[in-house]
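Thanks for coming. Please have the sequence and the model open while I talk.

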Amino acid sequence: MPTFNANHYPYASRRSAVFANRGMVATSQPLAAQAGLQVLQAGGNAIDAAIAAAAALTVVEPTANGIGGDAFALIWHKGQLHGLNASGPAPMAMSLDALTAAGHKEVPKYGALPVTVPGTPSAWVTMAERFGRMPLTRSMAGAISLAQDGFPISPVVAFAWQQAYKTFTREFKDDHFKSWFDTFGALDGSGRAPQAGEMWRSQGHANTLQSIADDNARSFYQGALAEKTAAFIRAAGGYMDVADLANYRPQWVDPISSNYRGYDVWEIPPNGHGLVALLALNMLKGFDFSERDTLQTYHRQIEAIKLAYADGLAHIADIDHMRVSVKDLLSDAYADERRKLIGTHATLPVAGDPPRGGTVYLSTADNEGNMVSFIQSNYMGFGSGLVVPGTGISLHNRGNNFTLDAAHPNCLAPGKRPYHTIIPGFLTKDNQAIGPFGVMGGFMQPQGHVQMVMNTVDFGLNPQASLDAPRWEWESGNKVSIEHTTAEHLFRGLGPAGLGHQVSWSGNQLGFGRGQIIWRDANGVLCGGTEPRTDGCVAAW
């Protein structure tokens with residue numbers, strides 16, 4: 001074929017929203033979407049399709065998730081919404097005293113110390129056992145085939161892979177990082193990351209995925225894979241033991257929600273930070289928004305997110321360790337109090353005192369009414385930089401989100417889950433499913449949720465237009481990053497000479513999250529959109 005740059009798009013382009021009525025799978029990578037759709041067409045339901053797509057994403061988009069990561073899900077099944085928290089805790093032998101005695105001021109980004117118990121395989125098993133129609137050997141077959149036979153790397157994945165390879169080559173010198181380079185940095189034995197369109201395969205991934213499918217992840221948590229994982233982490237200076245893996249169980253949880261102009265917006269409760277999105281929406285529903293692209297709209301959204309994050313970062317932790325209840329944080333009285341702090345100019349956010357009382361995201365739907373909002377992650381791209389040798393198990397670094405401040409509710413402790421950034425979202429109205437939505441991307445995620453909900457409810461945008469629209473991200477203090485496609489008058493009006501925000505343009509290809517949306521109407525017709533900032537695909541039937 002002719003020579004071209006797969007990441008160069010000099011002209012404006014758009015996608016259309018996708019409509020279907022038999023089934024839909026929206027993911028950040030086309031081959032994963034097709035794996036999910038094939039399962040639907042073979043008789044599986046939306047839950048089976050979500051597992052198929054999720055397993056495939058660990059192969060085709062290893063730059064953002066892996067077998068050794070965590071996962072969360074919101075599942076609409078027979079008229080009821082169910083929440084699954086498959087995030088793992090810190091090892092029982094790991095403690096605040098041990099890390100501070102070793103001279104650490106924070107949990108490191110890389111290596112064995114930030115590795116908590118991986119929850120992703122348990123999510124697939126648990127979802128299949130409770131709501132699925134197919135065994136994992138069938139739903140995961142597509143992922144296993146992709147790993148075994150190989151596939152061409154998609155453009156944005158290639159870009160992220162090359163960026164990670166540069167970073168890891170600079171940062172990783174110890175022997176325990178060698179298996180990452182053996183797995184992800186040894187294309188054709190050349191010692192480099194793959195380019196877009198080049199074939200990549202991993203027998204280690206194929207073998208591990210096959211093992212998880214064959215025995216419902218028993219080997220991963222209680223058998224040979226568990227022993228190999230624990231031994232490797234210990235040898236790399238970590239604290240995980242086989243008992244940490246054997247004793248792990250994901251949790252079914254009651255989703256939390258806030259009503260926004262007649263729609264119920266649903267999130268997973270802490271330790272995830274979906275609560276931040278609900279806190280912001282609670283403040284914003286007290287204002288009227290007639291237009292999206294105005295200074296007042298942007299300003300109020302940004303100020304609400306700042307206040308919501310001030311509360312979230314102060315209070316969110318493993319829910320058993322929180323000192324403030326979710327109910328109190330989401331009360332109308334507290335929202336009214338916080339809303340009063342949103343003035344005409346940018347202010348520095350401060351946590352309130354309520355009354356005491358690196359990720360992949362996918363959506364699926366079938367023609368029976370089932371819908372799934374699913375997210376899994378290794379955090380910070382490839383995660384910890386550790387890969388269990390010969391297995392393809394890339395271990396996440398979620399423990400980096402713990403604090404070592406003994407007075408904070410999110411302080412590191414044995415068996416405790418860290419503050420978690422990945423959040424699936426779901427929308428209902430009058431107790432009927434509208435559908436799943438999500439925007440992956442670390443601390444961008446609640447901000448993306450707020451923008452997607454308002455694009456839908458306040459501004460009447462279809463799923464694709466909601467995802468196409470320019471985004472902003474609050475970073476810290478009054479610093480706000482504005483996507484380069486935003487109108488210049490908004491950028492200048494928000495800035496120091498205008499409303500006082502410290503705004504900066506950003507053309508970061510990976511910086512504003514990557515989302516998927518599927519809505520269902522009263523007649524069962526599905527409408528989906530996918531992220532234009534990545535290799536996204538809506539596969540429909």
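I will go through some helices and then a few loop and strand positions.

First, the ground rules. This is a predicted model, in which local features need pLDDT of at least 70 and side-chain atom pairs count only at pLDDT 80 or more, while totals for chains, interfaces and linings use all residues. Residues are numbered from 1 along each chain as its sequence is written, and side-chain values use heavy atoms, with hydrogens and water left out.

Helices here are DSSP runs of H or I with at least four residues, strands are runs of E with at least two, and both are numbered from the N terminus.

Let me start with helix 13. Is helix 13 mostly covered or mostly open? It is mostly covered, as eleven of its eleven residues are buried. Buried means under 20% relative accessible area, exposed means over 50%, and partly exposed is in between, using a 1.4 Å probe and protein chains only. The buried residues of helix 13 include Gly 274, Leu 278 and Asn 282. What covers them includes strand 8 (256-260), strand 9 (263-267), helix 14, helix 15 (326-329), helix 16 (332-339) and helix 17.

The axes of helix 13 (residues 274-284) and helix 14 (residues 295-315) come within 8 Å and cross at roughly 135 degrees. That makes helix 13 oblique to helix 14. As for the terms, axes are lines fitted to C-alpha atoms, for helices over the stretch in contact, and angles run from 0 to 180 degrees between N-to-C directions. Angles under 35 degrees count as roughly parallel, over 145 as roughly antiparallel, 65 to 115 as roughly perpendicular, and the rest as oblique.

The crossing of helix 13 with helix 14 is right-handed. A crossing is right-handed if the near helix is turned clockwise from the far one by less than a right angle, and left-handed if anticlockwise. On the helix 13 side, the contact is made by Val 276, Leu 279, Ala 280, Met 283 and Leu 284. On the helix 14 side, the residues include Arg 300, Ala 304, Ala 308 and Asp 311. Contact means heavy atoms within 4.5 Å. By class, this contact of helix 13 with helix 14 has ten nonpolar, two polar and two charged residues. Ala, Val, Leu, Ile, Met, Phe, Trp, Tyr, Cys and Pro count as nonpolar, Asp, Glu, Lys and Arg as charged, and the others, Gly among them, as polar.

Next, helix 17 (residues 445-457). Helix 13 and helix 17 pack at an angle of about 45 degrees, with their axes 8 Å apart. That makes helix 13 oblique to helix 17. Helix 13 passes helix 17 in a right-handed crossing. Helix 13 contributes Val 276, Ala 277, Ala 280, Leu 281 and Leu 284 to the contact, and helix 17 contributes Pro 446, His 449, Val 450, Val 453 and Met 454.

The expected span is 1.5 Å times one less than the number of residues.

Helix 4 (residues 120-131) has twelve residues and reaches 17 Å, close to the 16 Å expected. Ten of the twelve residues of helix 4 are buried, so it is largely enclosed by the rest of the structure. Among them are Trp 124, Met 127 and Phe 131.

Now some single positions. Asn 401 lies in the loop between strand 13 (393-394) and strand 14 (425-429), and at 13% relative accessibility it counts as buried. Leaving aside neighbours within four places in sequence, its contacts include Tyr 379, Asn 410 and Phe 443.

Tyr 379 is in the loop between strand 11 (371-377) and strand 12 (387-388). Tyr 379 has a positive phi of about 65 degrees although it is not a glycine, and at 6% relative accessibility it counts as buried.

Is Asp 430 buried or exposed? Asp 430 is exposed, with a relative accessible area of 60%. Asp 430 also has a positive phi, of about 55 degrees, although it is not a glycine.

Last, Gly 442 is in the loop between strand 15 and helix 17. Gly 442 and Gly 511 are 69 residues apart in sequence and 9.5 Å apart in space, C-alpha to C-alpha.
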